[in-house]
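Here are a few exercises to work through with the model open beside you. Try each task before reading its solution.

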Amino acid sequence: ALISVAEIQQEMDDKEGARKTAREAIEIAGGLESRLQQVTILTQMAVILARVGDATGSNAAIGSAEQVIRGQAGGKAMGKIERGAAQRHLASAYAQIGSPDQALQLLENVSGDYDRVAVLMSVARAQSESGQTDAALDTAGRIETDRYQSVMIGKIAAQIARQGEPDKAIALIRYALSKTENIDLPYAKSYATGQIVLSLIDINEQLDDGAFERTIETAERIENDRLRAYALWSIARAQSRKGLEAASRDTAALARRATDAIGSSLSRVWMLSDIAAETMRSGNPKQARRSFDHALSIAKTIEL
């Protein structure tokens, strides 16, 4: 609960509140029996503290996490699998607080395939957000799983578009989509394609013409109904932000059909609630309320 509060306070630029909450979470973490849970909380709070300008607190939290991993903080020692996961949290934290090179140095201590992918994605994202898009592409190229590599390339493409290179960004999007053709698992393929659609939306919003036709066509290729509906609702919101109200209504109609096709009522409620929260954050409370009320009406029909 404290972690969630600290994250929200940081997002709302309540620096003093986030700092106090993060320090309270760190104090509680010291009494946890699980070493991995301690590292998880310490590294998460190190990132929060760095983002609110508390470098001293952030460095102390990172240092405490390193001590726990090395077995210098007392308590039960970590097993090999736990230590690998803990190293992943530590490396990801270093990437997020602006030390991607240090994160890559820790990568050799991260053994699990999933953990290595998570670190590489954190590093690539940090490099991209700092403007080092070529380095980010090199890091993404080290991700061996097509599902995650394609997602990361899409995110880097959006950053490249922000730097004023839309043609290069679109070429990268095409490459990312070609990578999804190698994904065998249907849900994994839908997930990757959906994430690339979100990157395309980001690129479209930066272009003067704001053409979303290619983005809608890509979204329609998503096999999973929930992920397709989410992508289409996201496009409709973006079109509305661009002032393309007629096009937004047309896309919303596609999104409603995709929503109705979702077999699980719980999945429909979940997806619409996410859309409502994101719409609220983007500054459109009326539209957010419509999505929330739609979710609520479905929730009322669930009898389990």
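Buried means under 20% relative accessible area, exposed over 50%, and partly exposed in between (1.4 Å probe, protein chains only). Helices are DSSP runs of H or I with at least four residues, numbered from the N terminus. This is a predicted model, in which local features need pLDDT of at least 70, side-chain atom pairs count only at pLDDT 80 or more, and totals for chains, interfaces and linings use all residues. Residues are numbered from 1 along each chain as its sequence is written, and side-chain values use heavy atoms, with hydrogens and water left out.

**Exercise 1. Find the buried residues of helix α12 and say what covers them.**

Step 1: Go to residues 213–220, where Thr-215, Ile-216, Thr-218 and Ala-219 are buried.
Step 2: These residues lie on the same side of α12, because they cover an arc of only 160 degrees around the axis (taken from the directions from the helix axis to the C-beta atoms).

**Exercise 2. Trace the salt bridge of Glu-181.**

Step 1: A salt bridge needs a side-chain nitrogen of Lys or Arg within 4 Å of a carboxyl oxygen of Asp or Glu.
Step 2: The partner of Glu-181 is Arg-221, with the closest N and O atoms 3.3 Å apart.
Step 3: This pair links distant parts of the chain, 40 residues apart: Glu-181 sits in the loop between α10 and α11, and Arg-221 in the loop between α12 and α13.
Step 4: Glu-181 is partly exposed at 47% relative accessible area, and Arg-221 is partly exposed at 44%.

**Exercise 3. Describe the salt bridge between Asp-225 and Arg-228.**

Step 1: The closest N and O atoms of Asp-225 and Arg-228 are 2.8 Å apart.
Step 2: Both residues belong to helix α13, three residues apart, about one turn of the helix.
Step 3: Asp-225 is partly exposed, since its relative accessible area is 26%, whereas Arg-228 counts as buried because its value is 14%.

Note on methods. Helices (H or I, at least four residues) and strands (E, at least two) are DSSP runs, numbered from the N terminus. Contact means heavy atoms within 4.5 Å.
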